[in-house]
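Please take a moment to bring the model up on your screen. We will walk through it together, from the whole chain down to single residues.

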Amino acid sequence: MVLIQIVAQYPSEQTLIFNTIVMSNRKFFFIPILTLACFFLSCEKTLNEDPQSIIAPDAFFNTADQCRQATNGVYSHLPGIFNQTGFWSVTMAGTDLFMNQGGSASVEAIQDYNFSSATEANSHAVWRVCYAAIKDANFVINRISQSEIDDAVKQQLLGENKFLRAMYYYILTNIFGDVPLWTDELKIEEVSQLPRSPIAEVRAQMILDLQEAASSLPKNYDSKNTGRVTKGAALTLLAKIYLFDKNWQQAYENASQVKDGEYILLPSYATLFDPYNKSKNNKESIFEIQYMRNAETNQNFIVNSFYTWFFPTGDAKGGTYAGVNFGSTILQSYPQYYPTTYFMSLYQPEDERREVSLSWGYNGQLFNRGSKGDRPWFGPKFWDLTANRTASEKNFYFLRYADVIMILAEAANELGNTSEAIAHLNMIKERAKADLITSSDNLSQSQLRNEIMEERAREFVGEFQRKWDLSRWGTLVDAIGRIADDNADGVTNVQAHHNLFPVPYDEIVKNRNLTQNPGYN
């Protein structure tokens, strides 16, 4: 493997990792092949270059392959963000579906809503990684824009990078609200003095990026490029942003453009979350975070440890987990979460999602203990039975077609189109074998809204959406209130300002132009 170093006049102390696409099992994943070392260099300073190993940035972005490799570097932040325990904590802890046990004090503080700007470190970790990704996206967008490659290729690569930039800002705004916005290559001293931009301005930039991406991205790729951003991904994320803005008409129109046929609901929810990872990049998946390991050679490429927070506890004698033999694969368990009684109550007995999201046993054997007393464990939806200890290759869905259908249901209901909202909602229920809503139920708009909220919990549990949903609906305080038996401290402490996390204290210390979210010191 050849390592090529690019020495650039670029405003960051950090390093941008560019990657190549390696083909395996009909998808691409990232392996670092060249490093962009970033230095503070004056315009007059001469670069000391070894022509065999160092490429200046202006030379590097001269071919389509080079621009594509740089784009892969912007993708490469995604596996790290979604494998952060901090990211899991700020999207799942402190909701009405999960309870944390035996975890770190910082996770329990989120659950109990007993944290301050100085003590909350999980969201700060997400802040840092997202802004590192945005910095790289800005750099690559600027350099590709100036390149002289084929225009169709250029527009596609720009579309991919703009989607990714919007996605990183989407994560940041959902967690913090107003955040610093920049889209140019800025010097480090400029970046470190940026104030927070109003969330409306940030979302306007996200919408612009996604509209441009949707106009230039293909509907699909060949098998060598599975996992890259598509037109459908841009339209779906755009629709989700409009949901946050309560722009129901635009949410509906953009979701409607994600055509049925290009994407489908898989016939079975269990297949969608196969614990042996046989359904990666399927026809329901619109955009997912890619991981890869080779079970035959036991080689880890890009892996995560997410499943270990949900898998049944291993027995002292080894080889079994909560009394059940899972075979010869060496698994690892640090179970952090157990389901709330409220979440368990959401499923009808015949709802097939119940046995996928929750588990009382495996392969015909019942567990000899539960996740908390007699409660079930979180189920196969969360497991990776191809893992080797903490190394899992389970992909994460970020966007899938079920979400498009649920966007259409929610937007239609808010627009007063009750019958259409019910039709879309029933598509999700029918796949799950759950009872359908009929006209005889005579649901009001408010009742249907509540049904949609509960359906999103049933369908998307563990997909990093619940905290963001509760916050955008303004129902977080009420949601924690209904799990008083599980989380008495949370009920006592939670307040409306907890819809957002505090701007990291360390960032405010470094940048006095940053302001704090209301409710935090």
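What follows moves from the overall chain to its cavities, a helix, a hairpin and a few individual residues.

A word on the ground rules comes before the tour. This is a predicted model, in which local features need pLDDT of at least 70 and side-chain atom pairs count only at pLDDT 80 or more, while totals for chains, interfaces and linings use all residues. Residues are numbered from 1 along each chain as its sequence is written, and side-chain values use heavy atoms, with hydrogens and water left out.

Let us begin with the chain as a whole. It has 21 helices and 15 strands; helices (H or I, at least four residues) and strands (E, at least two) are DSSP runs, numbered from the N terminus. Of its 521 residues, 58% count as buried, where buried means under 20% relative accessible area, exposed means over 50%, and partly exposed lies in between (1.4 Å probe, protein chains only). The accessible surface comes to about 20900 Å², and carbon and sulfur atoms hold 48% of that; these areas come from the Shrake-Rupley method with a 1.4 Å probe, and for residues only the protein chains shown count as cover. Take the contacts between residues at least 6 apart in sequence: 72% of them join residues at least 24 apart. Contact here means heavy atoms within 4.5 Å.

Now look inside. Rolling a probe the size of a water molecule over the atoms shows where empty space is left. A cavity is a set of points, on a 1 Å grid over the protein atoms alone, where a 1.4 Å probe fits but cannot get out, and its lining residues have an atom within 4 Å of a point. Grid points are joined across faces, edges and corners, and a volume is the space filled by probe spheres set on the points. By this rule there are 6 cavities of 30 Å³ or more. The largest cavity holds about 220 Å³ of space. Of the 17 residues that line the largest cavity, Phe273, Lys381, Lys394, Asn395 and Tyr397 are the closest to its centre. By class, that lining has 7 nonpolar, 4 polar and 6 charged residues. In this scheme Ala, Val, Leu, Ile, Met, Phe, Trp, Tyr, Cys and Pro count as nonpolar, Asp, Glu, Lys and Arg as charged, and the others, Gly among them, as polar.

Which residues line the second largest cavity? They are Phe82, Tyr170, Lys240, Tyr397, Phe398, Glu463, Phe464, Gln465 and Trp468. This cavity has about 60 Å³ of space, and its lining is made up of 6 nonpolar, 1 polar and 2 charged residues.

Next, find helix α5 (residues 105-112), where Val107, Ala109, Ile110, Gln111 and Asp112 are buried. The buried residues of α5 pack against α4 (85-92), β4 (98-100), α6 (122-146), β10 (337-339) and α20 (488-493). Just after α5, Tyr113 takes a positive phi of about 50°.

Strands β6 (residues 292-294) and β7 (residues 299-302) run antiparallel and are joined by 3 bridges; two strands pair if DSSP finds at least two bridges between them. Arg293 has Asn300 of β7 as its bridge partner. Between the strands are 4 residues, and Asn298 in this hairpin has a positive phi near 60°.

Ala322, in the loop between β8 (320-321) and β9 (324-325), has a positive phi near 50°. Asn442 also has a positive phi near 50°, and lies in the loop between α16 (418-432) and α17 (445-460). Ala322 counts as buried because its relative accessibility is 0%, whereas Asn442 counts as exposed because its value is 65%.

Finally, visit the loop between α8 (188-191) and α9 (199-216), where Pro195 is found. Pro195 counts as partly exposed, since its relative accessibility is 43%. Leaving aside neighbours within four places in sequence, Pro195 is in contact with Pro180, Asn513 and Leu514. Its C-alpha atom is separated by 9.9 Å from that of Ile508, 313 residues apart along the chain. Pro198 lies in the loop between α8 and α9 as well, and is partly exposed, with a relative accessible area of 39%.

Notes
1 Å grid on protein atoms, 1.4 Å probe; cavity = no way out; pocket = protein on both sides within 12 Å on 5 of 7 lines; lining within 4 Å.
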